[in-house]
Amino acid sequence: MAEETKPPAPAAAPPKPAPPPGPPPPKNPGFVTFTIDGREAVVKPGTNLIEAARSVGVDIPYYCWHKRLSIAANCRMCLVEASNSPGGKLVPACQMTAAEGVAVKTDTPRVKDQQRATLEFLLLNHPVDCPICDQSGECKLQDYYMTFDHLQSRLDVPKVEMRKRVPLGPLVVLDEERCILCTRCVRFMREIAKNPQLGVEQRGNHSFITAFPGQPLDDRYSGNVVDLCPVGALTSTDFRFRGRVWFLSTARSVCTGCARGCNVFLDYMKETTFRYRPRENEAVNQDWMCDQGRLSYKAFNDRRVLAARLGRGNGRTASRDEAVAEAAKVLRARAGEGTLALLLSPVASLEDLLVAALVARDGLKLSTAYVGGRADGWQDDFLKRADENPNRRGLEHVAAAFGLALRPFAELASAVRDGRVQAVWAVGAEVPDAAGAQAIAAAPDLVVQATNAGTIADAATVLLPASPVPEADGTFVNLEGRAQRFEMAYWPRGDSRPHWALAGEVGKALGLVPRWTTGREVFEDLGRRVADRLGDYRFDSLPSVDRRLGLVPLQAGTVDGRLPGYRERMPLDGSGNVEWSRLPAPDRRAT
């Protein structure tokens with residue numbers, strides 16, 4: 001029998017190819033490392049390219065992006081080259097996040113051509129009305145045109161004409177021709193204000209922003225859309241045509257509209273405040289503020305008390321020294337009788353209250369203080385608080401530090417009606433109700449430190465002119481116990497001085513030794529009594545900087561619209577450490 005043939009052994013399977021190498025381990029574990037224009041950047045995962053570029057000093061232009069709004073990526077101004085982009089296409093930096101090892105380029109000819117093309121497209125139908133536009137001077141369309149385009153328009157057909165001066169609501173006016181449809185305003189109303197009152201109507205180059213039929217833009221945060229608008233499409237009815245932004249100077253301040261204490265920029269020219277703008281503070285108000293707070297600056301300009309007065313009503317205008325001497329005489333006599341009451345306003349700053357409390361305790365031997373201030377208002381679950389006084393918590397800290405028992409305003413009104421109180425020293429004339437104000441006004445002796453005219457100020461037998469927030473350096477403590485500094489914007493108007501300076505002059509007339517010439521000195525001296533309640537707050541937590549002046553130097557030699565002789569009245573070191581006792585005589589050329 002033939003030998004059985006064995007089948008050949010199967011050939012050995014070829015070795016499997018080695019898998020492609022995985023991505024290299026991150027250069028900085030827990031972070032993303034990439035390059036942008038040849039510079040290495042290290043950022044947190046999920047950081048978009050606009051913010052990542054900023055971390056190494058590279059500015060990518062944009063219109064529609066805002067870090068607190070959803071990403072629309074519709075303006076196309078921020079397109080860049082990225083080594084990981086599909087097909088080598090330009091990608092929107094607002095939408096793309098930084099990736100490990102990626103190379104991003106923002107300064108190539110291709111990117112620059114795209115930026116010029118985008119600007120040309122945005123400007124095709126844009127009206128040439130920069131000379132009359134409120135946004136002129138802080139407009140991204142102007143800035144980017146000068147930086148990236150600077151070419152003549154090639155449009156050879158008539159521009160699309162749209163409506164101008166369209167009132168969207170009581171605080172906002174729309175110019176449809178200027179709008180570039182970035183939709184920031186639409187997204188803010190939908191995502192932040194939670195009140196979607198704005199939308200986009202029509203298509204193509206006939207599209208425009210509008211409020212829904214029968215529903216005007218009347219939200220209590222509507223003013224924020226004006227801040228968000230990168231061009232001059234949305235303007236404020238309050239600020240519209242009132243001042244050029246390059247003539248305005250800016251101070252860092254705190255809104256006095258409620259106990260939230262929103263951080264703001266206070267824009268001013270000469271001795272007039274023109275507007276509030278929200279200033280970013282992640283822990284307090286992010287980038288927003290309510291419309292009521294936005295308009296609360298008007299009290300700094302209207303019905304100001306600028307001179308001392310003796311006698312009720314029109315009375316007799318007096319020098320501040322004469323009025324202080326009369327106030328000290330009245331307060332000393334009534335304190336000796338036991339018929340004097342102290343009224344403190346939570347609208348006054350921490351420094352104001354510290355000096356007033358010291359004088360009341362040591363100079364007048366008082367142990368009780370009554371709380372004035374504004375009445376409660378509306379409240380929401382976003383920013384606005386019902387307590388419309390910026391420093392109630394600060395008043396409570398001061399009272400505890402000086403052993404003053406705080407009593408409600410209604411008890412003071414009742415005591416005046418009953419005759420148990422014959423004299424009132426009011427540090428701040430803000431009171432919560434009209435009936436109580438009438439009762440206080442009937443007190444036989446009424447010494448009032450007031451910033452604005454009103455029922456109590458008009459009825460004062462001795463009236464001392466006090467300076468509001470823009471005319472002093474000081475501190476507010478908000479409802480969360482957060483101490484926040486505000487800085488002086490311009491020199492006190494007229495004969496006014498901060499409450500602490502007036503109270504210090506009264507204390508000097510009562511025999512106390514004066515110790516302070518600046519708000520900083522007040523805080524460094526008396527602030528130690530409340531330091532344990534203010535956490536790690538320091539007066540220098542708002543660093544002093546040079547005066548933020550207007551941008552355009554004028555022929556007259558001033559830089560922000562002030563007349564000659566006005567700037568010289570400001571501290572030359574930019575510190576805001578004004579010695580009030582050394583105030584020079586006003587230069588009448590500046591008024």
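One point before we start. The model is predicted.

Let's begin with helix packing, and with α8. This helix covers residues 350-363. I'll take two of its partners.

The partner I take up now is α9, residues 392-402. The axes of α8 and α9 are 10 Å apart, and the angle is about 30°. Angles under 35 degrees count as roughly parallel, so α8 is roughly parallel to α9. The crossing here is right-handed.

Which residues of α8 and α9 meet? On the α8 side we have Leu350, Leu353, Leu354, Ala357, Leu358 and Arg361. On the α9 side we have Gly394, Leu395, Val398 and Phe402. By class, that contact holds eight nonpolar residues, one polar and one charged.

Now the other partner, α14. That helix runs over residues 519-526. Its axis and the axis of α8 come within 9 Å, crossing at roughly 60°. That makes the two helices oblique to each other, and therefore not in the roughly parallel class, which needs an angle under 35 degrees. The crossing of α8 and α14 is left-handed.

Look at the residues. From α8, Leu350, Glu351, Leu354, Val355 and Leu358 take part. From α14, the residues are Gly519, Val522, Phe523 and Leu526. Seven residues of this contact are nonpolar, one is polar and one is charged.

Note the names that come back. Leu350, Leu354 and Leu358 of α8 meet α9, and Leu350, Leu354 and Leu358 also meet α14.

Next, another pair: α10 and α11. Helix α10 spans residues 409-418, and helix α11 spans residues 434-441. Their axes lie 8 Å apart, at an angle of about 40°. So α10 is oblique to α11. The crossing is left-handed.

α10 brings Phe409, Leu412, Ala413, Val416 and Arg417 to the contact. α11 brings Ala435, Gly436, Ala437, Ala439 and Ile440. The classes are eight nonpolar, one polar and one charged.

On to empty space. Rolling a probe the size of a water molecule over the atoms shows where it is left.

How many cavities of 30 Å³ or more are there? The count is four. The largest cavity holds about 90 Å³. It is lined by 15 residues, and the closest to its centre are Cys179, Cys182, Cys185, Cys229 and Leu234. Two elements give two or more residues to that lining: α4 (184-191) and α5 (224-228). The lining has 13 nonpolar residues, one polar and one charged.

The second largest cavity holds about 50 Å³. Its lining is Cys255, Cys258, Arg260, Cys262, Met289, Cys290, Gly293, Leu383 and Lys384. By class, six of these are nonpolar, one is polar and two are charged.

Last, the largest pocket. Its volume is about 960 Å³. There are 36 lining residues. Which of them lie nearest its centre? They are Val226, Asp227, Leu228, Arg277 and Pro278.

The elements giving two or more residues to this lining are α5, β10 (234-236), β13 (272-278) and α6 (291-295). α5 also gives two or more residues to the lining of the largest cavity.

To close, find α8 on the screen, with α9 in a right-handed crossing and α14 in a left-handed one. Then turn to α5, at the lining of the largest pocket.

Note on methods. Residues numbered from 1 in each chain as written. Predicted model: local features only at pLDDT ≥ 70, side-chain atom pairs only at ≥ 80, totals over all residues. Heavy atoms only, no water. Axes fitted to C-alpha atoms, helices over the stretch in contact; angles between N-to-C directions. Helix = DSSP H or I, 4+ residues; strand = E, 2+ residues; numbered from the N terminus. Parallel < 35°, antiparallel > 145°, perpendicular 65-115°, else oblique. Left-handed = near helix turned anticlockwise from the far one by under 90°. Contact = heavy atoms within 4.5 Å. Nonpolar A, V, L, I, M, F, W, Y, C, P; charged D, E, K, R; others polar. 1 Å grid on protein atoms, 1.4 Å probe; cavity = no way out; pocket = protein on both sides within 12 Å on 5 of 7 lines; lining within 4 Å. Points joined across faces, edges and corners; volume = space filled by probe spheres on them.
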